[in-house]
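Please have a look at the model below, and then go through my points with it open beside you.

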Amino acid sequence: MWQWLISDFEGGHLLADALALRLPAAPTAFLHQLFRKGRIRCGDQPLAADCRVTSGMLLNVRSSTRLAELAGLGGIPPEELLFEDQHALVVYKPAGLAVHRAVGHEDDNLVARVTRFVALRHTPYRVAPVHRLDIGTSGPVLFGKGHRATGQYGRLLMAGRISKKYLAVVAGRVPEQGELTTPIPDGELVKPALTRYRRLSAAGRFCLLELDLVTGRPHQARRQLAEAGWPIVGDRRYGGPVWPGLDHPFLHSHRLRFPALDTAAFHEVACPLPAPLAGILAGAGLILPWPLAGSEENTAAY
């Protein structure tokens, strides 16, 4: 079952058209078959293709093998499109997937998936990522629609007006809050770096931290936490302890905040922990003091 919260961008569309935006690889005949079989419902009420949806409606879409296959062919599964307006897409990046083309990721990377997704929509613009996440880090990635929007977001990023919050599980006893200021190598230079942290939970030898990376240096949080004596669980490169079944650092970007381009408002997109990381959190006896859901754009769990 896929729970679909209708976004502001989708509101006002006919349901069939809104569904086609989420499932661009699906033939029209298949989408209408979903309606005929009553697979799309609001509460207990099946919805028709010509129903006009409104922002904030919560729909249930009953999944199937064919639906999952078409979602995969579209590049971005419907629940992994976290936000959209006329200028931007925010999509979920799982750990293990590179944002850009890289060695070992030539054919499958986030840029390739999003490019395929918008091409199937027959859109008149190209998309490009505004920022990046390490291969081993999960979370939301902002894409600009078209050269102009991407450039505007790039300038906002450089001005520090786009922020990301991370969750990390580390080994060691960490103070309640503080700052890490160890300089970080970036290319041929060593640059200043600032990470603010606060401890959310502690159990045994582990702590759950929320991180605010004020600067965006390569491997910034991983390096600084390791040098402070609190390596991230699963981060073998920087001396983090091994956790059974975890082959990447326990580092997840859970909240992305960025300005709207045409108003003075800000968009804030929440991204829940992937199910494997949530299981590790419970296994370590760590708890979140608040739910991760919190944006209208996203309530899915991965």
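1. F83 lies in strand β5, residues 81–84 (strands are DSSP runs of E with at least two residues, numbered from the N terminus). The residue is buried, at a relative accessible area of 6%; buried means under 20%, exposed over 50%, and partly exposed in between, using a 1.4 Å probe and protein chains only. Between the C-alpha atoms of F83 and W243 there are 32 Å, with 160 residues separating the two along the chain.

2. A word on the basis: this is a predicted model, where local features need pLDDT of at least 70 and side-chain atom pairs count only at pLDDT 80 or more, while totals for chains, interfaces and linings use all residues. Residues are numbered from 1 along each chain as its sequence is written, and side-chain values use heavy atoms, leaving out hydrogens and water.

3. β4 has antiparallel pairing with β1 (residues 2–5) over 4 bridges and with β2 (residues 40–42) over 2 bridges; pairing requires at least two DSSP bridges between the strands. Opposite V61 you will find W2 and also I40.

4. How many disulfides are there? The whole structure has 0, a disulfide being a pair of cysteine sulfur atoms within 2.5 Å. For C42, the closest cysteine sulfur is that of C51, 7.9 Å away and so too far for a bond. C42 is partly exposed at 30% relative accessibility, while C207 is buried at 0%.
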